[in-house]
Amino acid sequence: MHFTKKAFATVSLVSVLFLAACGGNTSKTNEKASEQINFLETGELLTLNTTAEEDFVSFTAQNQVFEGLYTLDKKDTFVPGVAASMPVISKDQTEYTIKLRDNAKWSDGSQVTADDFVYAWRRVVDPKTAPSYAALFKDSIKNATEIHEGKLPVSELGVTAPDKETLKITLKKPVPYFISLLSFETFFPQKQAFVEKQGDKYGTDAAHTLYNGPFIMKDWEGNTAKKWTYAKNNEYWDKKQVTVDEISVQVAKDINAGVNLYTTKEADRAPLSGEYAKQYKDRSDFLTEKDALVSYLRLNQKRDGKATPLANNALRHALNLAVDKNALTTEILGDGSFPANGLLPKDFVQNPETGADFRTDSGDHLTFNKVEASKYLTQAKKELGTDTITLELLGDDQDTTKTIFTFLKDQFEKNLPGVTINIKTMPAKSATELTRTSNYDLSLAAWMPDFKDPWTYSSLFLSDYYNNSMNYNSPKYDQLVKSTDTTLATEPIARWNAFVDSEKILLDDDAAILPLYQHQTAVLQNPKVTGVQKHAFGSPYSYKFIEMAKN
């Protein structure tokens with residue numbers, strides 16, 4: 001899969017996933033205003049162009065105002081969206097034929113057609129317009145790579161529209177998670193005539209965007225705007241399921257401000273973390289939402305062309321075993337997050353034969369153990385020929401990051417005598433650049449899956465994937481993970497076992513990364529508001545099923 005900003009997100013991106021609610025109205029509201037739902041986001045909405053670079057706020061917004069071939073129901077199960085039914089798949093699993101429903105409409109009343117998908121997908125792989133998420137297409141659809149590299153015209157992409165309600169897709173190879181991709185924003189449709197009429201302004205504000213989802217956008221004036229509104233789309237084919245007329249959104253980056261708005265009843269939902277989560281966790285309006293986002297430390301083995309101390313296997317094991325993750329999640333975070341003792345998150349993917357969760361089949365790896373950590377440290381010092389080891393810990397300058405870094409520095413230096421940690425924090429953009437160029441020793445990462453498959457995590461650490469910035473190289477790991485995308489692609493059980501075995505190599509054998517915790521979203525929410533749907537992958541939220549009790 002592809003890795004954009006999400007792969008290099010430091011822990012501050014966790015805060016971007018929080019969704020809160022606040023209103024622009026005063027407490028003196030009339031009857032109509034009191035029924036309006038008011039949300040807030042922790043950052044500005046950057047784009048509504050699904051073939052442009054995206055961030056978490058954009059993902060959330062796009063998922064409300066657009067719809068792809070398939071979408072997620074209340075249980076995160078794939079169900080038809082613009083598609084009329086599930087796809088007909090060829091025996092070799094490389095040909096997909098999808099019928100579109102005839103009542104799927106754009107907000108201008110015109111029909112959503114198969115040509116709208118062909119046009120949008122060609123834009124994704126066209127080197128003139130392609131976002132970095134084009135890699136999702138390059139990994140799956142026939143000729144996408146060659147088109148992106150300028151070797152073939154976009155007309156050769158493996159997607160055609162025999163008629164306006166039929167879409168035919170040809171894959172370059174079997175892709176077990178392809179239906180999951182079809183629910184992802186970059187695979188959404190675009191109406192060619194409208195997009196070309198708007199030119200560079202398409203998707204940059206409410207007026208220059210056309211919608212086919214449960215809502216349309218109102219009052220959004222561009223990527224610096226602090227407010228916008230989702231209004232019910234009366235042209236949406238499933239509009240009967242949408243019971244709210246409007247959801248007002250305001251940008252509020254400060255958690256304290258959000259909590260104040262909530263307590264004064266000007267907010268229907270407010271995010272919590274740290275001390276706030278601990279303070280309110282016993283309230284009846286306190287909620288914890290499941291997340292598949294895993295935070296971990298990258299352990300870079302080569303810097304400026306030279307091996308770092310982290311090229312030593314024993315030192316990597318010592319660091320992994322020296323962190324009390326229970327203390328981190330309960331005493332520092334306090335938002336319901338829990339220790340991650342593996343790469344893949346809990347409650348994300350299940351054994352195709354037994355239904356067992358991945359974490360059950362793979363088990364825990366590298367759990368906190370000061371005695372074993374000390375043994376590995378002794379071995380590392382001997383092999384490195386030194387009694388002192390100094391490492392730099394890189395991250396952004398958000399308060400949460402700094403708090404976690406203070407905890408990690410204490411853990412490493414207290415449990416590993418002779419190890420010194422120098423904390424280096426800076427604006428996220430700068431920290432990301434240092435990470436991309438492997439100019440660090442330890443750096444904080446957070447990863448939320450784009451689609452429902454172990455590949456979205458395991459592929460992160462392939463030696464030849466360009467976003468592997470840790471200089472980790474394991475031929476055995478590469479062979480296992482790549483087999484899941486090639487020889488084992490059509491063998492579900494063997495493929496599953498390969499993922500399980502590869503995680504053991506990454507962690508038990510190589511201690512290549514240091515998993516920290518699986519994030520959980522803690523919020524205060526107005527009990528009258530129900531149906532906020534949190535997803536474990538893809539877009540963070542759907543608002544289609546939100547309801548507001550009248551009394």
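Predicted model: local features only at pLDDT ≥ 70, side-chain atom pairs only at ≥ 80, totals over all residues.
## Annotated span

The UniProt record, an unreviewed entry, labels residues 78-467 with the feature "domain: Solute-binding protein family".

## Domain arrangement

The domain assignment divides the protein into domain 1, made up of 37-250 + 526-548, and domain 2, which covers 291-520. Taken over C-alpha atoms, the centres of domain 1 and domain 2 are separated by 32 Å. To the contact between them, domain 1 contributes 19 residues and domain 2 contributes 15 residues.

## Interface between the domains

About 1,600 Å² is buried between domain 1 and domain 2, and 58% of this area lies on carbon and sulfur atoms.

Polar interactions also link the domains. Seven residue pairs are in polar contact between domain 1 and domain 2, with both residues of each pair at pLDDT 80 or more. On the side of domain 1 that touches domain 2, twelve residues are nonpolar, four are polar and three are charged. The two domains are joined by two salt bridges. A salt bridge is formed by Lys173 and Asp485, whose closest N and O atoms are 2.4 Å apart.

Methods: Residues numbered from 1 in each chain as written. Heavy atoms only, no water. Domains from an automatic or database assignment. Contact = heavy atoms within 4.5 Å. Buried area = accessible area lost by both parts, 1.4 Å probe. Salt bridge = Lys/Arg side-chain N within 4 Å of Asp/Glu carboxyl O. Polar contact = N/O pair within 3.5 Å; in protein donor to acceptor, adjacent residues only side chain to side chain. Nonpolar A, V, L, I, M, F, W, Y, C, P; charged D, E, K, R; others polar. UniProt positions renumbered as here; feature names shortened; annotations may be inferred.
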